[in-house]
Amino acid sequence: MPENATANPRALAAQVAALPWYHSIELPGGITTPGVVKNRRVLARYHLPSSLAGKTLLDVGAWDGFYSFDAARRGATDVLAADSFSWDGRGWGRKESFEFARRTLGLEGKVRDQLIDPTELSPEAIGGQFDVVLLLGVLYHLEDPIGVLRRVAACCRELLVLETESTLNWLPFPAARMFPGAELNGDPTNWYQYNERALKGLLHEVGFTTANTVFKYPLYRRFARALRDRLKGKSFRSAFYSSRIIIHARKA
Ligand SMILES: C[S@@+](CC[C@H](N)C(=O)[O-])C[C@H]1O[C@@H](n2cnc3c(N)ncnc32)[C@H](O)[C@@H]1O
């Protein structure tokens, strides 16, 4: 059982409160980290394999580690949580949050970590290929998304779970949209949205044989979200632009 978790929930709560959180991670003692994203609420949309027994898994852009810890709980034998931007001080995240959650959950022996930028990924850099790779919420942050997708594909043996920004899905051809400045969600690190055809085309291009969409953000949810942002004094348009897709891509 993890260090002081259940023994002293008040001390645990104080330690949680002292750290920044992107993920909402359920810790022992009924404490959940106050993340921006309510992960438990959205987990089903990823359609992750219910069992990862015997599988190795790479989580690219792991941040606080919710999906890495989830993979360990699903039985993955070796989980590598990889990140840079949210761990090396360029963003508002801190690697200490990931380390604290991992320690508190008692997953130190099951989830490894590596400080590595997506632009530097290769089987050589991370000790080989992984059966399953998660690329969740990362692609649209990258200035060279196609180059990184190629790198991620090289690190993946079986299944890639890709979650990213997507738009223009009504167009009958592959298309991308670009966001200079902070036009998408007020975040200057958001660059590109691809439509579903473009994403599937790119996934085939980098070596996946099948690519199936398992989730697309519905229009009414985008509208509701944008309205909520507007009521908070933020830009309706910027939030309305944001729309997500989740694709499972497999190698034969
Ligand atoms: C929206 S968060 C997604 C975190 C997690 N994968 C999830 O789905 O909840 C974006 C992730 O991409 C990483 N990232 C990598 N390169 C980045 C860049 N150039 N700009 C911003 N974020 C970047 C961040 O560190 C962060 O972990």
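Me: In what order do the strands of the open sheet of seven strands run?
Reply: In this predicted model, the open sheet has seven strands with mixed pairing. Its edge strands are β5 (111-115) and β10 (210-216), each pairing on one side only. The twist averages 20° from one strand to the next. Read across, the order is β5-β4-β3-β6-β7-β11-β10.

Me: In which sense do β3 and β6 pair, parallel or antiparallel?
Reply: Strand β3 covers residues 56-60, and four bridges join β3 to β6. At one place in this pairing, V60 stands opposite L135 of β6. The sense is parallel.

Me: At about what angle does helix α6 run to β7?
Reply: Helix α6 is formed by residues 145-154 and lies across β6 and β7. Strand β7 covers 156-165. The angle between α6 and β7 is about 150°.

Me: Which strands does helix α7 lie across?
Reply: Helix α7 takes in residues 196-205 and runs at about 145° to β10. Strand β10 is an edge strand of the sheet. The strands that α7 lies across are β7, β10 and β11 (244-250).

Me: How many cavities of 30 Å³ or more are there, and what is the volume of the largest cavity?
Reply: With a cut-off of 30 Å³, the count comes to one cavity. The residues lining the largest cavity include L48, P49, L52 and L57. Its volume is about 40 Å³.

Me: Which element supplies the largest share of the lining of the largest cavity?
Reply: Two elements, α3 (66-73) and β6 (130-136), each supply at least two residues of this lining. Among the lining residues are Y67, D70 and A71, as well as V132 and L134. The largest share is three residues, and the element it comes from is α3.

Me: What radius of gyration does the chain have, and what would a compact globule have?
Reply: The chain comes to nine helices and eleven strands. Its C-alpha trace spans about 60 × 45 × 30 Å along the principal axes. Because the chain has 252 residues, a compact globule would have a radius of gyration near 18 Å. The chain agrees with this, having 18 Å.

How values were computed
Residues are numbered from 1 along each chain as its sequence is written. This is a predicted model: local features need pLDDT of at least 70, side-chain atom pairs count only at pLDDT 80 or more; totals for chains, interfaces and linings use all residues. Side-chain values use heavy atoms; hydrogens and water are left out. On a 1 Å grid over the protein atoms alone, a cavity is a set of points where a 1.4 Å probe fits but cannot get out, and a pocket is an open set with protein on both sides within 12 Å along at least five of seven lines; lining residues have an atom within 4 Å of a point. Grid points are joined across faces, edges and corners, and a volume is the space filled by probe spheres set on the points. Two strands pair if DSSP finds at least two bridges between them. Axes are lines fitted to C-alpha atoms, for helices over the stretch in contact, and angles run from 0 to 180 degrees between N-to-C directions. Contact means heavy atoms within 4.5 Å. The radius of gyration is taken over C-alpha atoms; the globule rule is 2.2 Å times the number of residues to the power 0.38.
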